[in-house]
Each structure stands twice: as C-alpha cells, then as structure tokens.
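Me: I have a model open and want to learn how to read it. Can we go through it feature by feature?

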Amino acid sequence: MKATTKKDVSLAAQSNYGRRRQSEIYVGGVSGQSAGVPLDLVELESRAREVMSREAYAYVAGGAGVESTILENREGFERWRIVPRMLNDVSSRDTSIELFGQRLPAPFLLAPIGVLEMAHEQADLAVARACAAEGVPMIFSNQASVSMEECAAQMDTSPRWFQLYWSASNDLVESFVARAEASGCQAIVVTLDTTMLGWRVRDLDLAYLPFLRGKGIAQYTSDPVFRMLLKAQGGDELSSERKINLNTLKVLFELAEHYPDGFLKNLTSGEPLSAVRKFIGIYSRPSLTWDDLAFLRERTKLPILLKGILHPDDGRKAVDAGMDGIVVSNHGGRQVDGAIASIDALPTVVEAADGNIPVLFDSGIRTGADAFKALALGARAVCLGRPYVYGLAVGGQKGVENVIQNFKADFDLTMGLAGCRSVAEITRGALVRRSA
Ligand SMILES: Cc1cc2nc3c(=O)[nH]c(=O)nc-3n(C[C@H](O)[C@H](O)[C@H](O)COP(=O)(O)O)c2cc1C
C-alpha cells in the first residue's frame, strides 16, 4: 500500500504500532494533551449521544425489535476466551494482511454505514479523509450522504470498496457498479440482508426515517440513470395524499436543502420530493434470488463479496455462484431480532467456504480482542461499525482517526501479548470456549 501525503501508513510504520500509540497518549498526558475522543467505548457512545439529535442517535444505536441480536453479538464474543502463549519473541509484529491482491496494514476495514450526516455535517467526507490518513479501507455505503466520487477525491490512492443495495432497477445497479469502478473502488460488497428494513422500534417510535427527509440518498441523486428514471417516470411510486401543515413544510425545506440543484430551484421544481419517492420505490428488490447474481458477475471484474451471510449453506452457495468473498454479518442486529450472534455463525460459514474464498466478519466488533477472536475463528478481516460513527459525531475526522488508531493499537498489542507475531499465527488453537 502506498503512503498518503498526510501520514506514513507504510507497513514498516505499522510495526510496533500499539506501543507507539500508547507512548503518544501517555507522553502527551505529561504535557497536558488529551488522547482525543474517549477510548472507553461506553463513554464515547454517551458523548456522541449528547451531541447527536434524538433521531440520529436512535438511528445509529438502534436495532430490530427488542434488540436481542445487538446484545447477543456482544455476548457471543464473551463466550470465547483467548489463551495467551509465552516466550515467543513478540518484539516486532506484523499486523498486515493480503486481501484481493492488496496488502493492508491491519486486518480491518470500516463497515459501510449510511446517513453519516446524522452524526456530523462532514459525514462521509470526514470518514474518507480519516481512512486515507490511516491507510484503512473505507467501504462506501449505498446510502451515503456524499457521493462516492466526492469521497474518492479525498482519498488519493487509498483503498476503498463500494457497498451495493440491489435496486429494483438493474440499470441503476449497473450504473452504481460502473461508477464504483471509475471511482477506484477495489471490490463490490452486495448487502443481502436488507431487502426490507427491519422492525426498528426506536425509529418507529420517533416516526423518523432519514431517507424521507432526503438524507442518505446522495448515491442516487448524483446518479445519471436515477435522474433519467426520475425524468422519465416521475417519483410517483408513493402517491400519498398528506395534509400540508407546518411539519410537512419543514420537511419540504429540508429536502430542498439536500438536493443537488440549489435550494430555490428545488423548492419550485418539486424534484427533491419526487426523488425521495422514486428512491423509496426502487431502493431494494425483495424478490432477489441467487440466480440474479450472474447479472452482476457478468458486469464487473472487481471481486464481489456477499454481506449478511449467516448460514453455512448460503456460504456454499456464494462459492458456487462464483462470488469472491463473504461478509458474515447480521447488520449489527438491525434486521432480524433474535438472529444468531454473528460470531456464532462465523465458524460454520468459514467451514462451508472451505478456503475457497475469504470470509470477512462484522457485527459487535468493539476491541482488538474481538478482532483477534474473529480471526482465530477463521475470518480474514473484520469491519468496524458503530464505534467510528460515534468517533465521527464527537470529533469529526479527527475522532474517526482516533477510533481507528486506538483499535489498531489495541489489536497489535493483543496479538503480541497473546504470543503471535503475525496475523497468520492467530489460529483456532488460541481460543477456548468458556464453560457455561
Ligand atoms: C447507522 C447504521 C447504518 C448502516 N448502514 C449500512 C449500509 O448503508 N449498508 C450496509 O451494508 N450496512 C449498513 N450498516 C451495517 C454495518 O455495515 C455493519 O454491518 C454493522 O454496523 C455491524 O454492527 P456493529 O456496528 O454493531 O459492529 C449500518 C449500520 C448502522 C449502525
């Protein structure tokens, strides 16, 4: 991986990263400097909650139903314990991995997270800059607040992927993928678990869905095919007759502010409202089947990963369908309440993939130890989710950088203290299952 202009993210610079980050914090403390955003993730979340609107915090923190899957994702990790090994000369460690022909400084990426403008006004741009500064791949969300082209422009040659929600329009799918290729994305992650939104009680209680306010639809409003569909067919998928009152006017103003063409033009054209309606009509395709994947396979040479796999049979089908990777994930507990903990699904999916394609992992990753456990159970890399959104809310770009730095350092130290000098040395033998 190439170094960015901002910071040395070369592999050599990653060696002993954990100890250097520790020193930076402790030595900084001597001259009265703070470590940045809180390292304690409970404290970080509670600070984020203070600065976010009620709706924004509910959207990020919330899950489906009684949120038992969110809880289970964390408990799943606690059921595995690390058994450290001694006297292995861990003075120098290599946290790098190879993924799709590219060397990454550490075995993690930032998960695709939509509507980041709810956390911070610089949204995806701040995250893109932070990822570039730290050399960590960003997965652009299909529901981003900023278009992939604008984010890519912040990243120089730093790695990025694109996450796709399969639209009802195949022309739009094709356009998104072509744009991702042109934006230098190195893989396409197709999220399968969100053919419909889960029953998210916190958002329902507030009767708040950001997309209806024009938030998180930048990939669509910046897309030539979407704009063409809008012109040709209008946005009448949801022709709801609503009474105009102060609240609806406020929403119309919000929409006009978000749309690309300029506030006044937007107010008079009514296009932003049409765009939201169009988006609602075509953002997903619940009828999607395994056969549809051939369409994508034929249209891109980029590696395709399927995100949301939890059953080993689906893992095997992914291999049979010619996919290049799997992301074991339950979407951070936002889709199926009562779903299996993502970490409990991991070993069976890894076994099903049988070394044919890499298996990545997310849902519940909070610490270096979590990443270590997932890797020991066969994940090639992990994706960090909510913690970076809280970092963004509290500290913007710098906050995201701090979260990445702390996670990287924590992982490096955990790996070394467990007796491993490289990611390859993290094996199933490093873990035991906690007895009940
Ligand atoms: C606020 C929020 C928005 C998300 N948006 C997307 C998205 O646009 N696309 C996607 O594939 N996953 C999305 N996810 C799921 C994440 O990619 C990831 O699977 C999840 O955050 C992992 O759970 P964790 O953050 O609790 O570790 C979102 C998650 C959150 C919390």
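Reply: Start with how elements get their names. Helices (H or I, at least four residues) and strands (E, at least two) are DSSP runs, numbered from the N terminus. Ala207, for example, sits in the loop between α9 (201–205) and α10 (218–221). Keep in mind that this is a predicted model.

Me: What is the phi of Ala207, and is the residue buried or exposed?

Reply: Its phi is near 50°, a positive value in a residue other than glycine. Ala207 counts as exposed because it has 8 C-beta neighbours inside 10 Å. The cut-off for exposed is 12 or fewer.

Me: Which phi does Phe100 take?

Reply: Phe100 has a positive phi of about 45°, and it is not a glycine. Look in the loop between β2 (97–99) and β3 (102–104). Phe100 is partly exposed, as 16 other C-beta atoms lie within 10 Å.

Me: How much confidence does the model carry, by pLDDT?

Reply: The average pLDDT of the protein chain is 94, and 94% of the residues score at least 70. Residues 1–5 fall below 50. That stretch still has 17 contacts in the model beyond near neighbours in sequence.

Me: Now the domains. Where do domain 1 and domain 2 run?

Reply: Domain 1 is 11–196 + 285–433, and domain 2 is 211–282, by the domain assignment. Their C-alpha centres lie 31 Å apart. The contact takes 18 residues from domain 1 and eleven from domain 2. Helix α8 (residues 170–182) gives the most to the domain 1 side, with four residues. By class, that side has eight nonpolar, eight polar and two charged residues.

Me: How many residues are in the largest nonpolar core?

Reply: The largest nonpolar core has 124 residues. Leu110, Val127, Ile326 and Val382 have the most contacts inside it. Helix α19 (residues 386–417) supplies the largest share, twelve residues. Both domain 1 and domain 2 give residues to this core, so it lies between them.

Me: What does Val382 touch?

Reply: Set aside neighbours within four places in sequence. Val382 is then in contact with Pro107, Phe108, Leu360, Phe361, Asp362, Ile365, Ala371 and Ala374. Ala371 and Ala374 are among the buried residues of α18.

Me: Why is α18 described as largely enclosed?

Reply: A residue is buried if 20 or more other C-beta atoms lie within 10 Å of its own. Nine of the nine residues of α18 (residues 368–376) are buried, so the helix is largely enclosed by the rest of the structure. The buried set includes Asp370 and Lys373.

Me: Is Arg160 buried or exposed?

Reply: Arg160 is buried, with 25 other C-beta atoms within 10 Å. It lies in strand β6 (residues 160–164). Its contacts include Pro137, Met138, Phe140 and Cys185. Ala128 is 32 residues away along the chain, with 8.7 Å between the C-alpha atoms. Compare Glu24, in helix α2 (residues 17–30). Glu24 counts as partly exposed, with 15 C-beta neighbours inside 10 Å.

Me: Last one. How many residues surround the ligand, and which are closest?

Reply: The ligand is surrounded by 22 residues. The closest are Ala111, Gly114, Thr191, Gly332 and Gly385. By class, the shell divides into six nonpolar, twelve polar and four charged residues.

Conventions: Residues are numbered from 1 along each chain as its sequence is written. This is a predicted model: local features need pLDDT of at least 70, side-chain atom pairs count only at pLDDT 80 or more; totals for chains, interfaces and linings use all residues. Domain bounds come from an automatic or database domain assignment. Two residues are in contact if their C-beta atoms, placed from the backbone, lie within 7 Å. Ala, Val, Leu, Ile, Met, Phe, Trp, Tyr, Cys and Pro count as nonpolar, Asp, Glu, Lys and Arg as charged, and the others, Gly among them, as polar. A residue is near a molecule or strand if its C-beta atom, placed from the backbone, lies within 6 Å of it. pLDDT is the predictor's confidence in each residue, from 0 to 100. A nonpolar core is a set of buried Ala, Val, Leu, Ile, Met, Phe, Trp, Tyr and Cys residues joined through C-beta atoms within 7 Å.
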